[in-house]
Amino acid sequence: MAETEIISSSENNEQFFEGVEKLIEIWFTPAKNADLRKITRKQWENVLKIVRCEIISFTQSELVDAYVLSESSMFVSRRRWILKTCGTTTPLRCVRAVLQLAREVAGHERVHNVFYSRREFARPHAQLKPHDNFDSEVELLDSFFGEGRAYIMGPEKDCWYLYTLLPLEGTVDALEKEQREVVDRCQSEPDQTIEILMSDLDPAVMDIFTRAASTDATQATKASGIDKIIPGMVIDDFLFDPCGYSMNGVAKDGCYMTIHITPEPACSYVSFESNVPARNYDDVIARVLAAFRPAKFVLTVFATPDSPAADVPRQLKKFSSLVGYEPKDSQYVQFAGYSLHYALYAKFPS
Ligand SMILES: C[S@+](CC[C@H](N)C(=O)[O-])C[C@H]1O[C@@H](n2cnc3c(N)ncnc32)[C@H](O)[C@@H]1O
């Protein structure tokens with residue numbers, strides 16, 4: 001397994017692990033016979049060496065390959081690549097290699113869209129370059145993709161960073177035109193992503209994700225109710241020793257879900273992400289919160305106009321009441337081709 005990222009805090013001798021992930025998603029422009037799944041496992045292993053993590057498990061559906069990594073997950077489909085890694089991994093350092101493999105092995109010449117996002121780290125200064133600050137990350141991303149756009153949402157300590165090539169609606173028409181052409185060429189490909197990034201979780205729940213309480217990952221998946229959050233997924237789960245948990249779920253229709261858990265009391269963190277389509281995510285959000293009981297969380301929802309979830313970001317804008325939680329911040333952004341809702345919630349004081 002890759003070099004572990006667990007650091008002992010000198011202040012109180014408690015274990016610290018940076019659960020907050022960096023998430024990069026690259027969409028390539030459709031091209032005849034091009035498919036990222038032509039990239040071999042060995043080639044991915046070499047890419048992940050640059051990131052400082054490795055593959056620990058693999059599952060697939062007809063439409064998506066899903067890898068559980070020593071630090072989170074990777075999903076590969078015909079024209080979309082997603083890499084989500086935590087700890088002090090360096091995912092942006094591998095982008096050049098991925099673009100090269102996409103071109104030379106998979107037949108993808110053109111990048112259509114890029115999303116790079118993360119919550120603020122618990123310990124930003126412990127990160128390796130370029131992840132030690134957002135400006136450096138943006139500079140590197142711009143060196144690959146040209147002029148992207150960078151956004152910082154929410155209050156300083158709980159902010160959420162986003163880099164994308166999407167223009168704000170109505171500001172740049174070149175990308176809009178390209179997007180329309182792609183939609184025309186490949187019919188529409190509706191897309192939506194919900195992420196719930198939770199911190200300061202209930203210790204009784206976190207206990208489930210330790211080897212002391214659960215004999216294996218399956219037991220932890222069932223005891224926590226993870227298997228009920230989105231039914232119908234084939235689950236590939238992993239329980240770390242002495243604690244920590246990662247899972248990927250894939251469905252026949254190509255949808256995925258992924259959950260990663262850092263249970264250490266000093267730095268407890270859980271992330272949930274899925275691209276399952278829905279007219280609203282109230283039930284999914286309620287099940288996630290009931291399973292993990294965070295004190296604080298960031299919620300983000302992206303949706304294209306042709307997605308069943310198209311109206312979700314707008315609905316959430318007005319949706320202030322999540323039982324037991326109060327909204328601390330909320331932003332709604334309309335990009336060309338996507339809308340986005342960001343919100344920060346905290347538990348009502350008991
Ligand atoms: C890989 S997991 C999931 C992290 C995830 N990003 C999250 O949302 O919290 C990290 C958890 O597994 C534990 N762990 C145990 N062995 C590990 C290893 N060899 N590499 C990475 N994490 C390990 C860490 O202490 C931490 O609790």
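A crossing of two helices is called right-handed if the near helix is turned clockwise from the far one by less than a right angle. In this predicted model, the crossing of α1 and α2 is right-handed. The contact between them is formed by Gln43, Val47 and Ile50 on the α1 side, and by Ala97, Val98, Leu101 and Val105 on the α2 side. Six of these contact residues are nonpolar, one is polar and none is charged.

Two packed helices are described by the angle between their axes and the distance between the axes. For helix α1 (residues 41–51) and helix α2 (residues 95–106), the angle is about 165° and the axes are 10 Å apart. Angles over 145 degrees count as roughly antiparallel, and α1 and α2 are therefore roughly antiparallel to each other.

Next comes the sheet. Strands of a sheet pair through backbone hydrogen bonds, either parallel or antiparallel. Here an open sheet has eight strands in the order β4-β5-β6-β7-β3-β8-β10-β9, and the pairing is antiparallel. β4 (55–60) and β9 (149–153) are the edge strands, each pairing on one side only. On average, neighbouring strands are turned by 10° against each other, direction ignored. Five antiparallel bridges join β4 to strand β5 (residues 64–69). Glutamine 60 is opposite aspartate 65 in β5. Helix α3 (residues 134–145) packs on the sheet and touches β8 (111–119), β9 and β10 (160–164), its direction making about 170° with that of β8.

Of the 24 residues around the ligand, Gly19, Cys86, Gly244, His260 and Thr262 come nearest. β14 (256–262) and β15 (269–274) are the elements that give two or more residues to this shell. The shell holds 10 nonpolar, 10 polar and four charged residues.

Methods: Residues numbered from 1 in each chain as written. Predicted model: local features only at pLDDT ≥ 70, side-chain atom pairs only at ≥ 80, totals over all residues. Near = placed C-beta within 6 Å. Helix = DSSP H or I, 4+ residues; strand = E, 2+ residues; numbered from the N terminus. Nonpolar A, V, L, I, M, F, W, Y, C, P; charged D, E, K, R; others polar. Axes fitted to C-alpha atoms, helices over the stretch in contact; angles between N-to-C directions. Parallel < 35°, antiparallel > 145°, perpendicular 65-115°, else oblique. Contact = placed C-beta atoms within 7 Å. Pairing = 2+ DSSP bridges.
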